[in-house]
Amino acid sequence: MKKKTAFTIISTVFVILFAVVSITPFVYVAGNSFFAVGSFSVRGYYDVFLSDPVFLLRFWKSMLMCAAIAGGQLFASVLAGYGFSKCRFPGRGVLFFLLMLLMILPIQVTLVPNYIMLDKISLLNTYHALILPSIFVPLGTFILRQSFNSIPESIIDAAELDGCGIPRIIALIAVPMNKSGIVCVLLLSFLDGWNMVEQPITYLKDFAQYPLSVALAYAPSASSVIQLVCCLLAFLPPLFLFTYFNKELVEGITLAEVK
């Protein structure tokens, strides 16, 4: 009993320390963003949102780009995940195994091949160069394939007997029955696009097209307050998504692990 109590105390202290260390940088950013020259001021927020909204414009461009990535990746992952889960075809296991191998490759390995292909089709220095490669990634397919495995075959067979084709089965049965997996893929793909750094630097030549994740490093060093306000601006979408969709994210990842 004493050992259990001691372990509980140690665990609690560790959790508190971990939380404090994790939260401290954000408290520092939020607090110092209101102090321009040693006194309380909202000048940084005025500059970012009203006076010179360059970073605010980048914020909305980045939001649209990430929304396109999330939507495209979800569409591709739903089709591929359902195909690997419910469709029988020769070599399905081998193809899925090769797809899973791609998950262990770091992004730096694919930068050069993607750069060459994008250059061949004249998409460099456009947002298409960031969106298209980010749509076809294996993580979403893996999550939804595991999620679709939870659908009983009897439901699919009954739908086929009623004359439903694969598109209707996916739209009316597979997707509604796996909302957690769908939301999980949307959230992870959006955040992956939101945090991308290497791809914009590699595929974009025009600084004006850099998303907020990269342009933040080029905020004027003379005004650290603007940098702090931009940090908070970049922090808002992940904070909202993880807070609002926390339950679906956990359920989606859990389904991918246990199936």
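The protein chain has 14 helices and zero strands. Helices here are DSSP runs of H or I with at least four residues, strands are E runs of at least two, and numbering starts at the N terminus. Read from the N terminus, the elements go α-α-α-α-α-α-α-α-α-α-α-α-α-α.

A word on the source. This is a predicted model, where local features need pLDDT of at least 70 and side-chain atom pairs count only at pLDDT 80 or more, while totals for chains, interfaces and linings use all residues. Residues are numbered from 1 along each chain as its sequence is written, and side-chain values use heavy atoms, with hydrogens and water left out.

Now the overall picture. Along the principal axes, the C-alpha atoms fill a box of roughly 70 × 70 × 35 Å. The chain has 259 residues, and 37% of them count as buried. Buried means under 20% relative accessible area, exposed means over 50%, and partly exposed is in between, with a 1.4 Å probe and protein chains only. The accessible surface is about 15,300 Å², and 72% of that belongs to carbon and sulfur atoms. Those areas come from the Shrake-Rupley method with a 1.4 Å probe; for residues, only the protein chains shown count as cover.

Next, contacts. A contact means heavy atoms within 4.5 Å. Take the contacts with a separation of 6 or more: 77% of them join residues 24 or more positions apart.

Let's look at helix packing. Two packed helices are described by the angle between their axes and the distance between the axes. Axes are lines fitted to C-alpha atoms, for helices over the stretch in contact, and angles run from 0 to 180 degrees between N-to-C directions.

At what angle do helix 10 and helix 13 cross? Roughly 170°, and the axes come within 11 Å. Helix 10, residues 179-194, is therefore roughly antiparallel to helix 13, residues 224-244. The cut-offs are under 35 degrees for roughly parallel, over 145 for roughly antiparallel, 65 to 115 for roughly perpendicular, and oblique for the rest. Helix 10 brings L187, F190, L191 and W194; helix 13 brings L233, A234, P237, P238, L241 and F242. That contact has 10 nonpolar, no polar and no charged residues. Ala, Val, Leu, Ile, Met, Phe, Trp, Tyr, Cys and Pro count as nonpolar; Asp, Glu, Lys and Arg as charged; the others, Gly among them, as polar.

Helix 13 also packs against helix 3, residues 54-86, at about 20° with axes 11 Å apart. So helix 3 is roughly parallel to helix 13. On helix 3, F55, L56, F59 and M63 meet I226, C230, L233 and P237 of helix 13. By class, this contact has eight nonpolar, no polar and no charged residues.

On to helix 7. Why is helix 7 described as largely enclosed? Because eight of its 11 residues are buried. They are P138, G140, T141, I143, L144, Q146, S147 and F148. Pick out T141, in helix 7, residues 138-148. T141 counts as buried because its relative accessible area is 6%. Leaving out residues up to four places away in sequence, T141 touches S77, A80, G81, F84 and L99.

Last stop: F96, in helix 4, residues 92-101. Is F96 buried or exposed? Buried, at 11% relative accessibility. Beyond four places in sequence, F96 touches F84, F142 and R145. F96 and F235 are 139 residues apart in sequence and 35 Å apart in space, C-alpha to C-alpha.
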